[in-house]
Amino acid sequence: MTRKEALSSILQRAERAGWAGADPYDGLDSTVGRLAVPLGPPARIFVIQSALRLPWLRPLLGPRAWVNPKGVGHFLRAVVRGRMSLGEERAAELARLLIRELESRAQGVAGGTAWGYPFPWQSRFFYAPAGTPNAVVTSTVGWHLLAAADAFGDSTARRLAECAGRFLQNGLHWSSEASGGAAVSYTPLDLTRIVNVSGLVARLLARLGDRDRAERLTRFILASQLENGCWPYATDRRGRWEDSFHTGFLLESLLHLRRDGVEVPDEAMRRGFCSYRRFFDADGGARLYASTEAVHDAHSAAQGIVTYAAAAEEPDGASLTGEDASAAARRIADWAVRALWLPDRGYFAYRAQGGERDERDFTRWVQAWMALGLASAEAMSASPLRVAGTESQGLGVEVA
């Protein structure tokens, strides 16, 4: 199975399913989950984590298949990035479908447009009812819509992306930081200061021209970098952990912020990438945590491909990453196809550890992400000399 064939298979399968599917964190969308909601955070987290960690339990809980806007956004960007592999006509057709899907699920909030997760969820920090608009989904969807607008000249995609920026500016809580920067909340309902959330918001606002807010968020991110070069999930004690894909989110966001003129010191990038390498095996195996005992993880693999592909587009990418970034991206992609692809089912396994694979099918968390990762690897291979920032010219080089 080649990367190109896997990408085509994932998109065809997702289209047949109407872009709907299961999610690892949808446990509250079940009879048992709905009973747990009024019992408070411990009961909610117990149900969510049980559905996540116990594969045999999901069929008993029976959460519904949902269309997740974030997954739709990733599929859209995969189409943009993979259009040379898919063919321009096929890519344009899929893009139109996906843009209209996102438009139909958009919410008018705070003078802008927002999206959220279609199921209720409880984090360590707060509870969000189904559909609660949030910064992660909105900034990600807006970013991908901008890419589609540039690639296909779609005015609806551009309008929605600009409206997403207005929600991020006006619909969330902004807190001032001692660094002189600012952090932005996850949803309108909380006051969290989650580092990667600020990164995802900053890159979209910078691309939309809001340099002031993007720079303030960047100062917060840089001040949050740890001595080992990595970043915690959040700045308070409940968020003091490090994992692969959230680190990848931040490095990718910082690469794009640099591209849009926001100052990010080279040394911060080098330290970040030096730390990021700890999450990957020599053969490209992607682990959730920086330990040789940690689980191999499809989500981490997909973000690894995307992050290194973004670095490969920078003139100083090798200096920042300490290696050939394009080779790293392809190595992770090829490992994922070898280790996690299920040829008889046409999708990627969720995780693998100790020779055993968790073969549950998660549409947003795994398949949409891997579609984007594979498309990024294919785009890089198809035209390795493209210059960063030229997607508006139809060259499809930016990634998210």
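Modeller: What follows is a walk through the cavities, beginning with the largest one. Please keep in mind that this is a predicted model, and that the values here are computed from its atoms. The largest cavity has a volume of about 70 Å³, and 13 residues form its lining. Nearest to the centre of the largest cavity lie Gly-21, Trp-66, Asn-68, Thr-363 and Arg-364. Two helices, helix 5 (69–81) and helix 17 (363–382), each give at least two residues to the lining of the largest cavity, and helix 5 provides the largest share of that lining, with three residues. Sorted by class, the lining of the largest cavity comprises seven nonpolar, four polar and two charged residues.

Turning to the second largest cavity, its volume is about 60 Å³. The lining of the second largest cavity is made up of Asn-196, then Trp-231, Pro-232 and Tyr-233, then Trp-241, Glu-242 and Asp-243, and finally His-246, Thr-247 and Leu-250. Here the largest share of the lining, three residues, is supplied by helix 12, which covers residues 244–259. By class, the second largest cavity is lined by five nonpolar, three polar and two charged residues. Taken side by side, then, the largest cavity draws its largest share of lining residues from helix 5, whereas for the second largest cavity that share comes from helix 12.

Notes
Residues numbered from 1 in each chain as written. Predicted model: local features only at pLDDT ≥ 70, side-chain atom pairs only at ≥ 80, totals over all residues. Heavy atoms only, no water. 1 Å grid on protein atoms, 1.4 Å probe; cavity = no way out; pocket = protein on both sides within 12 Å on 5 of 7 lines; lining within 4 Å. Points joined across faces, edges and corners; volume = space filled by probe spheres on them. Helix = DSSP H or I, 4+ residues; strand = E, 2+ residues; numbered from the N terminus. Nonpolar A, V, L, I, M, F, W, Y, C, P; charged D, E, K, R; others polar.
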